Amino acid sequence: MVGGFAISADPTELRWRALKRPSAFIACGFGAGLLPKAPGTWGSAAGLALWLLIPQQPMWQIGACALGFVVGWLACAQVCRHHELTDPPEVVVDEIVGIWIALAALPTEPFWLLAGFVLFRFFDILKPFPVSTLERRFRGGFGVMIDDVAAGALAGLVGYAAWWLLANGPPDFR
């Protein structure tokens, strides 16, 4: 197996062919995870682009994050089970949902969208506590998704704190 997909004379072609299955299509971020080099970054970029299509109202954002998590969990579970893998790099639906969670906490201005993207990638790659703990603790589709949810939450918290400080100034503890 190469990258979680069976080997053929042209592995790239077969990997793209695997997207005919709905679970693989969703799990691979609609193809973003199959782009060359840095699939997590491509998945995060796809997530940012998709975020711009979601109405920028809290109930829509929360609903998109929740629905994305459940659908991603199910898709990842099928792909991981089918290919006997734990967290293949081509699977990037977790990055899509993770960046949505980060962006839900931030204003929709371009600066904050970029800041959310950078912060999410930072926490997703660095994997500080509790991200690393969750990644080791859980397996299957849930395990694929939950560490990126935590990375998105951390990115959202840090981004929101930065936004708040810039908007209000440092707190006065006198």
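Author: Happy to! Axes here are lines fitted to C-alpha atoms, for helices over the stretch in contact, and angles run from 0 to 180 degrees between N-to-C directions. Helices are DSSP runs (H or I, at least four residues), numbered from the N terminus. This is a predicted model, in which local features need pLDDT of at least 70 and side-chain atom pairs count only at pLDDT 80 or more, while totals for chains, interfaces and linings use all residues. Residues are numbered from 1 along each chain as its sequence is written, and side-chain values use heavy atoms, with hydrogens and water left out.

Let's begin with helix α4 (residues 58-83) and helix α5 (residues 93-104), which pack at an angle of about 165° with their axes 9 Å apart. That angle makes α4 roughly antiparallel to α5, a label for angles over 145 degrees. Their crossing is left-handed, meaning that the near helix is turned anticlockwise from the far one by less than a right angle. In the contact (heavy atoms within 4.5 Å), α4 supplies Gln61, Ala64, Cys65, Gly68, Phe69, Gly72 and Cys76, and α5 supplies Val93, Val97, Trp100, Ile101 and Ala104. By class, this contact has 9 nonpolar, 3 polar and no charged residues. Here Ala, Val, Leu, Ile, Met, Phe, Trp, Tyr, Cys and Pro count as nonpolar, Asp, Glu, Lys and Arg as charged, and the others, Gly among them, as polar.

Note on methods: Helices (H or I, at least four residues) and strands (E, at least two) are DSSP runs, numbered from the N terminus. Angles under 35 degrees count as roughly parallel, over 145 as roughly antiparallel, 65 to 115 as roughly perpendicular and the rest as oblique.
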